[in-house]
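Please open the structure in a viewer and keep the sequence at hand.

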Amino acid sequence: MPQPHEVEILLVEDNPSDAELTLRALKQRNLANQVFVCHDGAEALEFFFGDGSHALREIGVVPKVILLDLKLPKVDGLEVLRRLKEEARTKSIPVVVLTSSREEPDIARAYRLGANSYIVKPVDFEAFARAVSDVGLYWLLLNHPPR
Amino acid sequence: MTRRTWNWSIERKLPLLVSVLLVAVVLVMLGAAYQQVRTAALSFAAERVTRSTKEWVNVSVRSGAQQRTQLATLVADPGVRDFVASGGKRGRDWALAAMRRIAPDNTPNIAMELWDESGHRLLLRGDSAFASDPAPLPASDSGVVSPYRVRRDTLILSDMQAVVRRGPEGPVIGRVVVVRRLNVSALARQMLTGISGGDMSLLIGNADGDPWTDLEKIMPAPPTEARAQHDSIIAAAYVRGDAKIGAAARIPGTPIMFISELSRRQVLAPSRGYLRRMAAIAALIVLVGTLGAWWVSRSITDPLRHLTIAAASIASGDLAQRVDVPGNDELGRLGNSFNTMAGEVQRARTDLETQVVERTRALSETNAELEAFSYSVSHDLRAPLRAIHGFARILLEDHGAGMDGEAKRVLGVIDENTRRMGQLIDDLLSFSRLGRKELETARVDMAELVRGVVEEVRRHAGDRPLEITVGSLPPARGDRNMLRQAVMNLLDNAAKFTRKRAPGRIEVGHQDNGAEAVYYVKDNGAGFDPRYASKLFGVFQRLHRAEEFEGTGVGLAIVQRVVSRHGGRVWAEGKLDAGATFYFTLPGA
């Protein structure tokens, strides 16, 4: 795992299988080096706002994209999203909500809170892999982040 | 009463009935009373004329008897006999004196004559105007009164004769004639009728004919009905000028007849006046009665009308309406019952509404639970599925080289099944959501919707030869998203089952069966066995094996649910290997 200041993709995912599959997909596109995984919402908030080993404050470098699952233990995905979009420092980091839920309220709420994109995780691995890598590619290579 | 009057309001019927009744009763009673009064008046009049005639007859009889007696004395006087026997030569003064004794000088209506048998007048005492001229016919007997005769147009004379004999038994030598004049004048009439009663007329005349007099003037004889005689005096009705009631009697032993007469009109005049007065009172009674009836009927129909209005306003929703009907009579009790009932209805409605609110709340809770459930399902079921699928893949990709064909096949089965399960979950979820979701009804341009779906289907189909024709489609009314899903399912199916055809032909159109517009999707694909048509729309029901055509069997169930939620019907026709046509109806726009 890279150092915090080297993180290009932050993956917030509690399900280890999903995490593994996601990493695998990103690896296939050679994007796996700079992926950092948080396993729940509290860790994610720690990563951005907390003290300790994940402290980012001193560094001032932020990930290029956050892949955020909604169903997270401790702190819910939407709550994390809300916090991220509240803070000036983290507001402009693109957040891609990557979740199994296709429920309308979730989608609407996510966008309202400022998510940049909402992708439903398909069951089919191939489709899943393609979705993830497409996302990664887009946000890392094609999209120009604000500086 | 006619049908129509029976349909009148009570307010009209009651007074009408009462007034008709009153009029009938009043008429009957008035008629009877009037008849009675008339009868009484007539019989009283008859009694009066009868009595009057009787009395006058009695008076005449007495005076006639008196005169006869006097005459008998006169003719028995020897001096008078002597005078007559001498032919009037001797005893003249004696005769005059004898006459004077019978009729004093101041009796103006009498003339007395002495005649001999050869037709010579021997002596006349009195008004010469009365003198018999010519000689009177010998009377049949002494004391007989002659009929009236008219002298000089104005004098009515009648005479009585007595025979003079030579001796008590001797032969007739002469006769005495007393000529009386009937005093006819207004005064005379007044005097006489004044006694009988001023309205009665008294007529005297010859029983057999003219002349007659009403004591004021000479008049023609009354009609024969008037002069009809009976054993006792009986009043008769006859017409003499106008209708009269008169009682006639002959003065016994004379040809003179006497009639007391009353004018029928005068007799009945009071009863007519009575009738008029009674009719006025009767009219008043009828009027008052009708008004009373109308008032009573109002006192019934007013509360009834209030009740009707209140009932109508309750029926149209205002449950707080009550009526105010004072009194303890039937209407009052009706009003109270009505109010009680209205109160009950109101309470029941409130209770019902409370119940509905409760049930709705419970239902919403259940719905919310279902929503939560679906949410969980969609999330929590998919994650492990994704893991299974993904790791099976990883196994194949990373370790496939060391696997034999069988191992790979087994992995393929795992892969295939997880994919199916994912599809199933998706289908089940949308199927369930369809049942719960609220319909957002709007006008839906079916033609445009179908065109959009067709494009997507064509895209999916790729290079496969597929001919899709879309006919005219009338707009429908419903939830656009749901309808789109249903159409999508149908067209997906059509495309899927025509995969083995080249070209696959799909036709979308509509038919008008008179009452409703029927949409259809027709294909030339694999069709289905019509024996199992009833299973087509069941959830998870499939009529083809998975190897031939994939699918979870939920697509058509979704179509049916969508269509039936819109109030339409869906059905299908088909034959094995000869295509299928799916029809459905929707409410029009």
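Of the contacts in chain A with a separation of 6 or more, what percentage is accounted for by residues 24 or more positions apart? In this predicted model, such residues account for 67% of those contacts.

**Chain A as a whole**

The chain has 147 residues, and 51% of them count as buried.

**Strand E4 of chain A**

Next, select residues 95-99 of chain A, which form strand E4. Is this strand enclosed or open to the outside? Five of its five residues are buried, so E4(A) is largely enclosed by the rest of the structure. In a regular strand, side chains alternate between the two faces of the sheet. Both faces of E4(A) are covered. On one side the buried residues are Val95(A), Val97(A) and Thr99(A), and on the other they are Val96(A) and Leu98(A).

Strand E3, residues 65-68 of chain A, is parallel to E4(A) and joined to it by three bridges. Within this pairing, Ile66(A) has Val95(A) as its bridge partner. Strand E5, residues 117-120 of chain A, also runs parallel to E4(A), with four bridges between them. Here the bridge partner of Val96(A) is Ser117(A).

**Gly41 of chain A**

Move to Gly41(A), which lies in helix H2, residues 41-49 of chain A. Gly41(A) has a relative accessible area of 0% and is therefore buried. Which residues does Gly41(A) touch, leaving out those up to four places away in sequence? They are Leu72(A), Pro73(A), Val75(A) and Val80(A). To view one of these pairs, draw a distance between the C-alpha atoms of Gly41(A) and Leu72(A): they are 5.9 Å apart in space, although 31 residues separate them in sequence.

**Where chain A meets chain B**

Display both chains and select the residues at their boundary. Here 22 residues of chain A are in contact with 22 residues of chain B. The size of an interface is often given as the accessible area lost when the parts come together. For chain A and chain B, the buried area is about 2,000 Å², of which 50% is on carbon and sulfur atoms. Arg24(A), Glu103(A) and Val123(A) supply 31% of the area that chain A buries against chain B, more than any other three residues.

The interface has three salt bridges, and five residue pairs are in polar contact across it. On the chain A side, helix H1 (16-28) and helix H6 (125-142) each supply at least two residues. H1(A) gives the most, with six residues. By class, this side of chain A has five nonpolar, six polar and eleven charged residues.

**Asn339 of chain B**

Finally, select Asn339(B), in helix H7, residues 330-399 of chain B. Is Asn339(B) buried or exposed? Its relative accessible area is 17%, and because buried means under 20%, Asn339(B) counts as buried. Setting aside neighbours within four places in sequence, Asn339(B) is in contact with Arg322(B) and Val323(B). The side chain of Asn339(B) reaches the backbone nitrogen of Val323(B) at 2.7 Å.

Notes. Residues are numbered from 1 along each chain as its sequence is written. Chains are lettered from A and ligands numbered from 1 in the order in which they are written. This is a predicted model: local features need pLDDT of at least 70, side-chain atom pairs count only at pLDDT 80 or more; totals for chains, interfaces and linings use all residues. Side-chain values use heavy atoms; hydrogens and water are left out. Contact means heavy atoms within 4.5 Å. Buried area is the accessible area (1.4 Å probe) that two parts lose on being put together, summed over both. A salt bridge is a side-chain nitrogen of Lys or Arg within 4 Å of a carboxyl oxygen of Asp or Glu. A polar contact is a pair of N or O atoms within 3.5 Å; within protein, one must be able to donate a hydrogen and the other to accept it, and residues adjacent in sequence count only if both atoms are side-chain atoms. Ala, Val, Leu, Ile, Met, Phe, Trp, Tyr, Cys and Pro count as nonpolar, Asp, Glu, Lys and Arg as charged, and the others, Gly among them, as polar. Buried means under 20% relative accessible area, exposed over 50%, partly exposed in between (1.4 Å probe, protein chains only). Two strands pair if DSSP finds at least two bridges between them.
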